[in-house]
Amino acid sequence: MRKELLAISAVLSLAPGVAWGQARVPDLAQATLEELMNIEVTSASRREQRADDVPASIYVISHEEIRRSGLTSLAEVLRLAPGVQVSRVNSNKWTVSVRGFSAPTSKLLVLVDGRSIYNPAYSTVYWDTEDVMLEDVDRIEVIRGPGGAMWGANAMNGVINIITRPATETRGGLARVGGGTFDAADAGFRYGGGMGALSYRVFAQAAGHAASWLTSDTRAHDSWRSVTTGFRSDWSRGRDAVMLQAGATVGQQRPMWFDTSATTSSGEASLAQSNTHVGHALGRWTRSSAGGAALQVQGYFDTNHRDELIGLYDRRTWDVDAQYNASFGPRHAFVAGGGYRYLTETLEGRGLYRFTPSRVRPGISNGFAQDSVSLAGGRAEVTLGAKFEHSTYAGSAFQPNARLLWKATPRQRVWTAAARAVRTPSLVDRGLQLEYPAIAGPFGLPLVTGAVGNPDQRNEGLINLEAGYRINVSGRLTIDAVAFRGWYDDLQTQEPPVAPSMAIVNGLPTLIALARYDNLWRAETVGIEVAARLQMTHAWTIDGSMSTFGMTPHAGRSLDTNPALVDGNTGAQQWRLHSSWSLGGDRLFDARLMRVGRLAQAGLPGYTRLDARLEWPLARRVSAVGSGQNLLDSLHRESVPDGGLTVTQLPRSATLGLVWRF
Amino acid sequence: MVWALDMIARRRRALLVAGALALGLAAATAVAGAEDVTPAALKAAFLYNFAKFTEWPVEPAASTPLHLCILNDQAAEEALARLAGGASINGRAVIVMRGVARERLRSCHLLYLAGDDAHSADAVVAELQGAAILTVSDGERFPRHGGMVGLLIEGNRMRFAINPETAQRSGVRLSSRLLSLATIVND
């Protein structure tokens with residue numbers, strides 16, 4: 001506790017030295033335009049465009065924030081948003097969750113430019129194949145709470161929207177090279193150009209990551225590497241705009257799955273390497289009409305291949321979506337849309353894992369509509385929306401929501417929302433067949449244990465209520481607070497058999513005791529999330545956030561004792577404090593302190609993390625960047641064993657790199 | 001409510017940290033120096049200057065006040081009110097319309113639309129088509145799609161792009177001083 005208080009005061013009170021090479025700032029009311037255009041804007045103006053009037057728990061991680069974080073993986077960058085829990089399992093695996101249920105990450109929808117990167121079969125997001133070039137990410141919108149109405153099923157606890165920059169903004173070249181103790185080596189290159197209304201960029205990056213640690217003197221075997229390449233082009237003329245993009249990532253990882261082919265059910269961690277390759281192509285056409293309405297049509301193709309110890313997985317997705325926005329008079333803002341997605345997923349289990357059926361081809365059609373009505377002379381806004389989705393594999397889901405925004409004073413906003421959301425069962429939930437080798441059981445009979453999916457597995461449901469408050473104090477301090485309460489129903493459980501059944505296996509009477517997937521838990525969640533930003537001076541900004549979370553489970557008839565269901569493997573509290581300085585002459589220094597709370601049920605202690613980053617221009621277009629992560633602890637653990645992966649300890653690390661912009 | 005209080009009581013440490021942070025923030029706000037330019041204040045200064053170098057068509061009562069309006073950015077609105085409230089431009093009093101409602105936008109002379117949402121900016125611009133209102137938003141895209149001025153950041157400094165034809169069509173006259181410092185764009 002003392003260590004933390006010391007670190008907080010250090011981060012907060014380090015006088016930034018406003019005198020470090022800053023020109024004297026003129027009195028703005030008297031300044032000429034030329035003088036105004038010469039003032040260094042140290043936090044990008046876009047950061048100030050917070051979503052004041054959005055009646056939802058939204059936090060936007062801006063381009064500037066990503067750049068100054070010193071982080072190189074998408075999953076790590078998500079730590080910057082309040083209420084998001086990121087746990088690094090080992091060097092190449094993360095679980096990311098919002099408001100509980102982090103094992104696995106089944107209730108979060110993640111989109112990159114409107115394309116889903118959620119893995120339906122495993123009900124999770126695999127971050128090791130998502131190698132977006134962070135320099136070309138415009139922003140990441142993190143919406144906590146049900147996003148069902150706009151984005152569909154499986155957006156139960158939140159939606160993460162990663163949006164890349166249009167090609168018009170990335171003209172010119174960028175080359176980056178670096179290395180470090182944990183992010184072993186990386187290089188990236190991007191070139192953007194254009195002719196008239198057409199802009200494009202091409203990019204490639206390669207990275208190698210070192211292994212983490214099992215104990216303080218035993219290295220783990222979880223190194224990984226990947227190569228990514230892609231392009232994006234944007235064209236617009238008159239009222240039409242067209243965007244095209246494509247990308248591919250090839251990677252090799254050592255996830256350290258438990259090797260279930262050993263004679264005991266808890267085998268050693270396997271050193272087997274996984275090979276992955278993913279690719280996509282996406283096109284989007286937007287047409288704005290004279291009255292301010294807009295029609296957007298998007299289509300994409302996505303392929304995902306994972307060749308791993310536990311199974312061979314292949315997925316192809318074809319998706320087409322249309323969305324129409326219009327205003328009806330000055331009071332109504334209306335959005336409606338629909339789409340169709342066709343997937344083919346094949347999962348051939350290996351070793352003891354089997355999936356039945358091993359292949360699914362669901363067609364998912366969806367439609368949604370939403371209307372925002374401005375009332376009381378513009379002081380209030382009511383939004384009603386709903387999404388209907390039907391999957392040929394998982395059935396139907398209807399997700400309505402209602403929101404209210406009240407502009408209490410020019411500087412304060414109050415909002416409230418009620419929504420219903422759903423998570424549909426996955427290929428694993430319905431078709432898993434896992435049987436461990438027989439061991440000696442009671443009465444001298446062989447006993448087979450394992451787990452089996454439930455072909456009648458139902459949707460999980462959520463009814464969520466939240467309320468929020470935003471205030472802007474004197475234009476320099478902004479605070480955004482949210483409180484929420486959720487009622488979950490039909491949560492997935494693994495039910496141990498009441499009594500084993502008997503079968504003849506290979507001529508021998510055998511006891512079979514397989515746990516079966518079912519939907520027998522309910523739970524309530526509650527929490528508060530607060531984010532604040534204080535612009536101390538022209539050159540110094542402090543921002544911070546805090547979140548608390550609690551879950552009350554109701555076991556009902558369930559016999560499942562998995563602790564993940566009791567506190568959702570989510571720390572009761574998290575906070576983050578970040579100090580951002582511009583030292584003049586484009587030198588930038590950032591320090592960030594984060595605390596992730598204890599996982600009570602799982603017995604995992606909390607940890608405090610200090611990161612720092614320094615950007616130092618060496619020449620007009622070349623900068624050196626040095627950063628350090630986890631500076632307070634030489635090793636720490638962030639996760640508990642679950643889902644067959646080996647959990648390792650993560651080290652203190654530092655990287656050094658050069659960036660050249662031309 | 002009881003569950004919220006109960007939860008807070010149990011997480012005493014979180015409360016302590018939150019309290020320390022709040023105290024720190026409050027102290028910092030009180031202590032923050034006078035020599036600082038927030039992005040909101042800078043934006044407000046630009047908007048004030050746009051108003052200084054623009055001529056609107058002559059109105060019946062020649063000395064009617066100039067109305068400056070901002071949508072969706074409380075910080076900039078606050079900064080503009082502090083900077084320009086009570087000032088006068090070309091003999092006209094400047095009034096910053098606080099919390100202007102969508103139905104009253106036609107009474108604005110300068111309108112700044114904040115936010116990344118291109119759709120709502122387009123909708124507002126379409127509604128106001130033909131009115132002599134200087135429309136400003138963020139990004140270069142805005143003046144290419146019916147707006148007049150787009151504020152942008154280039155290499156850590158604030159710039160602006162102007163579409164002179166759009167301004168001309170609505171009867172708003174922009175001084176050559178503004179046009180010479182701007183990036184000119186077309187539809």
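In which sense do strand β4 and β5 of chain A pair, and over how many bridges? They pair in the antiparallel sense, over 2 bridges. Here β4(A) covers residues 108–112. One of the residue pairs involved is L111(A) with S116(A), the latter being the bridge partner in β5(A). Before I go on, please note that this is a predicted model.

Let me place those two strands. They belong to an open sheet of 5 strands in chain A, in the order β1-β6-β7-β4-β5. The pairing in that sheet is mixed. Two strands stand at the edges: β1(A), residues 57–62, and β5(A), residues 115–116. Each has a single partner strand, so one side of each is left without a neighbour in the sheet. As background, strands of a sheet pair through backbone hydrogen bonds, either parallel or antiparallel.

R144(A) lies in strand β6(A), which spans residues 137–144. Is R144(A) buried or exposed? With a relative accessible area of 4%, R144(A) is buried, because the cut-off for buried is under 20%. Its side chain makes a polar contact with the side chain of E529(A), at 2.8 Å. Leaving aside residues up to four places away in sequence, R144(A) touches a number of others, among them S57(A), I58(A) and Y59(A). The list also includes P82(A), V98(A), R99(A), E466(A) and V482(A).

Now three further strands of chain A. A hairpin through 3 residues connects β16(A) to β17(A). For an example of a pair, G299(A) has V320(A) as its bridge partner in β17(A).

Strand β17(A) also pairs with β18(A), residues 332–349, again in the antiparallel sense, over 18 bridges. There, G311(A) has G349(A) as its bridge partner in β18(A). The hairpin of β17(A) and β18(A) has 3 residues between the strands, and in it G329(A) takes a positive phi near 70°.

Finally, chain B. How do the axes of helices α3(B) and α4(B) cross? Helix α3(B) is residues 39–52, helix α4(B) is residues 74–84, and their axes come within 8 Å and cross at roughly 55°. That makes α3(B) oblique to α4(B). The crossing is right-handed. On the α3(B) side, the residues that meet α4(B) are A40(B), A41(B), A44(B), A45(B), L47(B) and Y48(B). On the α4(B) side they are A75(B), A76(B), A79(B), L80(B), L83(B) and A84(B).

Note on methods
Residues numbered from 1 in each chain as written. Chains lettered and ligands numbered in written order. Predicted model: local features only at pLDDT ≥ 70, side-chain atom pairs only at ≥ 80, totals over all residues. Heavy atoms only, no water. Pairing = 2+ DSSP bridges. Helix = DSSP H or I, 4+ residues; strand = E, 2+ residues; numbered from the N terminus. Buried < 20%, exposed > 50% of the residue type's maximum accessible area, 1.4 Å probe, protein only. Polar contact = N/O pair within 3.5 Å; in protein donor to acceptor, adjacent residues only side chain to side chain. Contact = heavy atoms within 4.5 Å. Axes fitted to C-alpha atoms, helices over the stretch in contact; angles between N-to-C directions. Parallel < 35°, antiparallel > 145°, perpendicular 65-115°, else oblique. Left-handed = near helix turned anticlockwise from the far one by under 90°.
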